[in-house]
Amino acid sequence: MHYYKQTRYKLLRTFCVVAQKENITHAAEQLHISQPTVSLQIQALEREMGEKLLERRGPSVKLTPEGKTLYQLIQPLTAGIDSLRETFAASLGKIEEGELDIAAGHSTSLYILPEYIERFHQAYPSIRINLHNYSMPAGLKPLLEDQVDFAVGSLPQVPENIIYKPFVGFKSILITSLDHPLAHKKQVTLEDLSPYGMILPPRNVPIWHMIDTVFRQYHLPYKVIMEAGGGWEVVKRYVEQDIGISITNEMCITGKERLAVIPVDHYFPPRTYGLIMRRGKFCTPQAKRFLEMINPAFLEDMP
């Protein structure tokens, strides 16, 4: 019986990894076993459950409705067993080691997270923090594959299997050089902005869609004269040089820039940033401590 229970756990854990990776090859690599072994374990679990759990398309797989139900039941259990040592230590008031994996985009890592990570490090100096650079929505992939504990960022559209809890918001602003014709205006219209070229981050950053939507609503043209990778610090640098103007939010302004800052929140909505987690994910003791530090209410929907 003991051997049988050990074998069942192996089958369930393999199934969870396959479900997260949606790929037999990638699951085998993570589990450090062969692809045939992964396939045999999945087949054994399907025989035991009496249901087809995966739809196979070569190395890629998708969960069947029955597979989704099983995954929702067992994923928190397998994650809890994998984290049993840390959870046991935390229940005794001992949370002095372990790791915390956070996914966040460049701007979030630069402007929002530092104060929280500093506080967490002071409280738990022996816990290693791994900060993974993923902008949203690309950061949802490692989140759904359980490669990170949670993500922090902005998420305008929230999938059903994701929990998004904003904890900070910033108003939209126009930034120009100090010598720009718009620099001394207290308020600007979209007609004022339309003739001037914009400097924006890469096209996959959500602000592109927001700017395009607003200008289209008002039937006004706009032009992007420079696409600047490297985050808002790079954009601000070229705006300071009067290469163009940009629309961002207050988060990016430190007060040290040589820029004119003009509110445009009457046209462009504020941007919220918050905690992003996979619904039903097991929350490690390290993650719980970090989330409690930001806002204890975050844990209400967590297992």
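Let's begin at His32, which is found in the loop between helix H2 and helix H3 (35-49). This is a predicted model, so please read each detail here as computed. His32 is not a glycine, yet its phi is positive, at about 60 degrees. Is His32 buried or exposed? Its relative accessibility is 73%, and because exposed means over 50%, His32 counts as exposed.

Glu22 is not a glycine either, and its phi is positive, at about 55 degrees. As background, most residues other than glycine have a negative phi.

## The chain as a whole

Stepping back, the chain holds 11 helices and 12 strands. It has 303 residues, and buried ones make up 45% of them. The accessible surface of the chain comes to about 16200 Å², and carbon and sulfur atoms account for 53% of that area.

## A parallel pair and its crossover

Now to the strands. Strands of a sheet pair through backbone hydrogen bonds, either parallel or antiparallel. In which sense do strand E8 and strand E9 pair? Strand E8 (residues 197-200) and strand E9 (residues 223-227) pair in the parallel sense, with 4 bridges.

Between E8 and E9 the chain passes through helix H9 (residues 207-217). This β-α-β crossover is right-handed.

## An open antiparallel sheet

Elsewhere in the chain, 3 strands form an open sheet with antiparallel pairing. Their order is E10-E7-E11. Strand E10 (246-249) and strand E11 (259-263) are the edge strands, each pairing on one side only. From one strand to the next, the twist averages 35 degrees.

Within this sheet, strand E7 (residues 172-177) runs antiparallel to E11, and 5 bridges join E7 and E11. A handy place to start looking is Leu174, which stands opposite Ile262 in E11.

Key: Residues are numbered from 1 along each chain as its sequence is written. This is a predicted model: local features need pLDDT of at least 70, side-chain atom pairs count only at pLDDT 80 or more; totals for chains, interfaces and linings use all residues. Side-chain values use heavy atoms; hydrogens and water are left out. Two strands pair if DSSP finds at least two bridges between them. Helices (H or I, at least four residues) and strands (E, at least two) are DSSP runs, numbered from the N terminus. A crossover is right-handed if, with the strands pointing away from the viewer, the path from the first strand over the helix to the second runs clockwise. Buried means under 20% relative accessible area, exposed over 50%, partly exposed in between (1.4 Å probe, protein chains only). Accessible areas come from the Shrake-Rupley method with a 1.4 Å probe; for residues, only the protein chains shown count as cover. Axes are lines fitted to C-alpha atoms, for helices over the stretch in contact, and angles run from 0 to 180 degrees between N-to-C directions.
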